[in-house]
Amino acid sequence: MTTNYTVAVLGLGAMGLPMATRLATQLTVHGFDIAEPRLKLAADAGIRTFASARQASEGADALLLAVRNGEQLDAVLFGENGVAPVLKPGAVVILGSTVGTEAIPATVARLAEYGVELVDAPLSGGPKRAGEGDLLIVVGATPAAQEKARPALELLASTLSIVGDKPGDGQALKTVNQLLCGVHIAAAAEAMALADALGLDQAKTLAALEAGAAGSFMLSNRGPRILEAYNEDGAEVLSRLDIFVKDMGIVGKATRAAGLAAPVAAAAEQLYLLGQAQGLAAADDSAIIKVVAPVRRTN
């Protein structure tokens, strides 16, 4: 363990805990979560836990955040119990979430008042890959901030892509990434619904598609879960449907701001919104097939 580099991880949920556990294999990790059971799991994994976000953040070289949106980012850093005032000068805040580019300039400016830099590092890969250090992380940050964050980033990422030298560049690339991911999941669901409507065995269809030109990471990753969507409990929730409501909303804002027509992305966004309206917000995003085809036709 490298005890002279400390990472504070705020939020020990589906992604936060495996990331913290991975980091704790070589670094000192401080953890905080509002849920007591998550704190116990973290402690069992060798993570030093704290009673508050501020206590966990004091003295850390890097603060790893996974928040839902720009509003949460602002609250965690600068709210009534925000942690920015207790961060030591020279620390970096690693933002692993997809929040869009709009929130970044103000965050950078306010952190600078405390001598802290933002490393814009949205990540992809899911909980399993987080625990294995197999994430894709795209980074926008100054060269100096990149170096300060590197011990943590290199432990978490199998693919670490430096896309720009300023915060916001990572969010921009992740927005492009999420356009493709959101469309691919929706397309995979439509394809499997069509296979069912045509009387095909969905599992055999999926295997055949994966082996051909129509194959994609999202088809292979979400396909098996799409086939479980109609089960009584649905597929295991590894990526909530409402995450893509948020992310496709970010995509829509970005395309409109750029004056770019994106009709395919807009259509996919509507499917996720319909799923949310139908009570599927907390379901795995593979449940989008139930928006396309509410009932499975064949068994």
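Reader: Are F244 and Y272 buried or exposed?

Author: The model shown here is predicted, and the answer rests on computed accessible area. A residue counts as buried when its relative accessible area is under 20%. Both F244 and Y272 fall in that class: they are buried.

Reader: Which kind of aromatic pair do F244 and Y272 form?

Author: One aromatic pair is found when the whole structure is searched. In that pair, F244 and Y272 lie 5.4 Å apart, centre to centre, with 20 degrees between the planes. Planes under 30 degrees apart count as stacked, so the pair of F244 and Y272 is stacked.

Reader: How many residues apart in sequence are the parts that this pair ties together?

Author: F244 belongs to helix 11, whereas Y272 belongs to helix 12, which covers residues 263–277. The pair therefore ties together parts of the chain whose separation in sequence is 28 residues.

Reader: Which helix gives the most to the lining of the second largest pocket?

Author: The second largest pocket has a volume of about 320 Å³ and is lined by 17 residues. Helix 4 (70–78) and helix 11 (241–257) each supply at least two residues of that lining. With six residues, the helix that gives the most is helix 11.

Reader: Which residues lie nearest the centre of the second largest pocket?

Author: By class, the lining has five nonpolar, seven polar and five charged residues. Of the 17 lining residues, those nearest the centre are V99, G100, E102, I250 and K253.

Reader: At what distance from the ring centre of F78 does R110 lie?

Author: R110 is placed over the face of F78. Its distance from the ring centre is 4.1 Å.

Notes:
Residues are numbered from 1 along each chain as its sequence is written. This is a predicted model: local features need pLDDT of at least 70, side-chain atom pairs count only at pLDDT 80 or more; totals for chains, interfaces and linings use all residues. Side-chain values use heavy atoms; hydrogens and water are left out. On a 1 Å grid over the protein atoms alone, a cavity is a set of points where a 1.4 Å probe fits but cannot get out, and a pocket is an open set with protein on both sides within 12 Å along at least five of seven lines; lining residues have an atom within 4 Å of a point. Grid points are joined across faces, edges and corners, and a volume is the space filled by probe spheres set on the points. Helices (H or I, at least four residues) and strands (E, at least two) are DSSP runs, numbered from the N terminus. Ala, Val, Leu, Ile, Met, Phe, Trp, Tyr, Cys and Pro count as nonpolar, Asp, Glu, Lys and Arg as charged, and the others, Gly among them, as polar. Rings of Phe, Tyr and Trp (its six-membered ring) pair if their centres lie within 6.5 Å; planes under 30 degrees apart count as stacked, over 60 as edge-to-face and the rest as tilted. Buried means under 20% relative accessible area, exposed over 50%, partly exposed in between (1.4 Å probe, protein chains only). A charge sits over a ring if NZ of Lys or CZ of Arg is within 6 Å of the ring centre and within 35 degrees of the ring normal.
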